[in-house]
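User: Could you take a close look at the place where the two chains meet? I'd like one connected walk through that part.

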2 protein chains.
Amino acid sequence: MPDTIPVDSVGLVTPQVAEFNEPLALACGQTLANYQLVYETYGQLNRDASNAVLICHALSGDHHAAGYHTMADRKPGWWDSAIGPGKPIDTNHFFVISLNNLGGCCGSTGPTSINPATGKVWGAKFPMVTVEDWVESQARLADRLGVQQFAAIIGGSLGGMQVLSWSIRYPQRLRAAAIIASAPKLSTQNIAFNEVARQSIRRDPDFFDGDYMDHDTIPTNGLGLARMLGHITYLSDDSMGNKFGRQMRHDQFQYHYDIEFEVESYLRYQGEAFTKRFDANTYMLMTKALDYFDPAADHDHDLAKALAPAQCDFLLVSFTTDWRFSPQRSEEIVNALVKAGKRVSYAKIEAVEGHDAFLFPIPRYMDALRGFLQRVSPVTQENSHA
Amino acid sequence: MPDTIPVDSVGLVTPQVAEFNEPLALACGQTLANYQLVYETYGQLNRDASNAVLICHALSGDHHAAGYHTMADRKPGWWDSAIGPGKPIDTNHFFVISLNNLGGCCGSTGPTSINPATGKVWGAKFPMVTVEDWVESQARLADRLGVQQFAAIIGGSLGGMQVLSWSIRYPQRLRAAAIIASAPKLSTQNIAFNEVARQSIRRDPDFFDGDYMDHDTIPTNGLGLARMLGHITYLSDDSMGNKFGRQMRHDQFQYHYDIEFEVESYLRYQGEAFTKRFDANTYMLMTKALDYFDPAADHDHDLAKALAPAQCDFLLVSFTTDWRFSPQRSEEIVNALVKAGKRVSYAKIEAVEGHDAFLFPIPRYMDALRGFLQRVSPVTQENSHA
């Protein structure tokens, strides 16, 4: 809880809701007759609407990227370190839009919403959504907010996939794309981990094939397990080692299945905490969106061909100890962009934090983001023309 | 099923059972009043009992390391590629002993055995066993078989930990130690993966706190999950990629939670098959034995100090794509041995198979093992004295 709002914070923010009544045809073949997206904005849209930045969230993210909802909030939004007045995504210059994606569980239409056709909770019947579906819904939100072209679209991990998709599908609608700790498609191992996470959830008897809300329960065991596993893949071996090592709970081993090592306690806590804030069906959907994403698939598996339409400037960022989406995966995108003749900068950042590093204000990373965005900021452009 | 037994096979083998009635005091504080060990032997013990080799198995291994039990067997023992006449662990020269460890589920006393004190299945009440307990029980088996000193003790992964422990606890009882794809202790990440595996099992309602046999059931969902997860960590990202890539089950995505990618099918199959051959309580015990192992802990966390008593020759082997026990982990042992002034050879083997590589007959690996064992073979020693 902040006693006072820090000067470099966007301050108190209020989520807003946009209702859409134009049907949205999804990649899976189903159509959503209507839906809503919850979003926040930080900073002011300038007169010619040229300073908008879109933030795309990752697997378990939401629209609350910066600032505080109330003075009682224990923590600010999930990317508060990067978004604010004077911060790399500088709200003195940019109008930042951050939304909860379709299928989410934080206010946008998703499995926990009411299906208007039945008057019941969607649950497992909510249609599968893809990265491309999200881009489509985000484009409609941009229309609604009067943004024809974004100064930049930015995202880490699954968020980076949305940015990549934007650059291909709507090349005219963004001047810059920042793709952080991401990949052009999941590896076999990535899919395998996702499948284990999904099986953890599906095998929980409280999952009821996704209709757990009808049974007034939650698959806490399975969702907790999925999160424990996910959590390991977000951290590096080194960062877990630095944090916990082989630190024991007791002076001596107890030779039981309760906590012997502190890391066990940490993981259980992380798993349990997640079940209190996240919906299992949404988690399932998000992992599938990751699995499906593969923009090169329709272009002879040649990412450079898929990227041919792109017109924006690209910044790619990777982190040395990230083994979920290793630097090599970012470099696949860099190489394809180079091959396709696009403008691309690439920063491989020394970081101990693993995949999670994209959420940390690591100086060289923040500098790279700041420098890249300054180049596309309308203010800077005016100055450079002066 | 072999139509004929290959000439370099140890042929048909029959497991034997050794009963022990001297109580065994375990590290956990409990004592086993009596127990049995099931084992196989290949080759002949020579007159002065100087050619015995002990094989220590890994997490889900057993005593059936080589040859066939019947002509109807679909596959030979788990390390048949390395053990046999003319093979690296050459049964023309060596008398090879391979046992199922205490706490196992393949014939040695473990959770599926009857507790003589109660007349009921041990189940979850079977005491926790450690690597050191195994070494103790293996030493007793050696006594029983008339082996005072092993020519070599060999093991991969958790088996390598047993070898390391032998070299410290019974320095006089082995001339050579081959430690393959192993580590001097688990990393935080290793423990974390084990904890997720255990939680998978414990959260299965069919686990009944380990007393599932009393309820005439098996925690197939949880044990299967644990194995799926384990399996990912045994393979390298590359080997999974080479094997399955993003190979789809259907021509087009079905946008459902059934199999979309072949790797999902493979993992589910691996998980399910495992539940038919392995006991969940044993799996829990084995992961705990891994967690607890840390011979340096009682020596100011200085492995070189812990290794001071060792007298044998060491061979360490690691595999380039093994990320469960990476080459760096083997090198920690190598460095400690060097620091302690011991004789050590080290082979880091190029291999795509990840941790599983230790089960494959990779030529350079097999050559390293063969060369090392030839140096300690009594036959070779006699020749070299001639």
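Predicted model: local features only at pLDDT ≥ 70, side-chain atom pairs only at ≥ 80, totals over all residues.

Which parts of chain A do the touching? The elements giving two or more residues to that side are helix 3 (188-202), helix 4 (220-234), helix 5 (237-244), helix 6 (262-277) and helix 7 (280-292). Helix 3 of chain A brings the largest share, 11 residues. Sorted by class, the side of chain A that touches chain B has 27 nonpolar, 13 polar and 14 charged residues.

Now for the extent of it. In contact terms, 54 residues of chain A meet 54 residues of chain B. The size of an interface is often given as the accessible area lost when the parts come together. For chain A and chain B that comes to about 4,800 Å², with 64% of it on carbon and sulfur atoms. On the chain A side, A:Arg246, A:Tyr255 and A:Tyr257 lose the most area to chain B, together 18% of what that side buries.

As for covalent links through cysteines, the count is zero disulfides over all chains. A:Cys28, for example, is in none, and its nearest cysteine sulfur, that of A:Cys105, is 19 Å away.

Key. Residues numbered from 1 in each chain as written. Chains lettered and ligands numbered in written order. Heavy atoms only, no water. Disulfide = S-S within 2.5 Å. Contact = heavy atoms within 4.5 Å. Buried area = accessible area lost by both parts, 1.4 Å probe. Helix = DSSP H or I, 4+ residues; strand = E, 2+ residues; numbered from the N terminus. Nonpolar A, V, L, I, M, F, W, Y, C, P; charged D, E, K, R; others polar.
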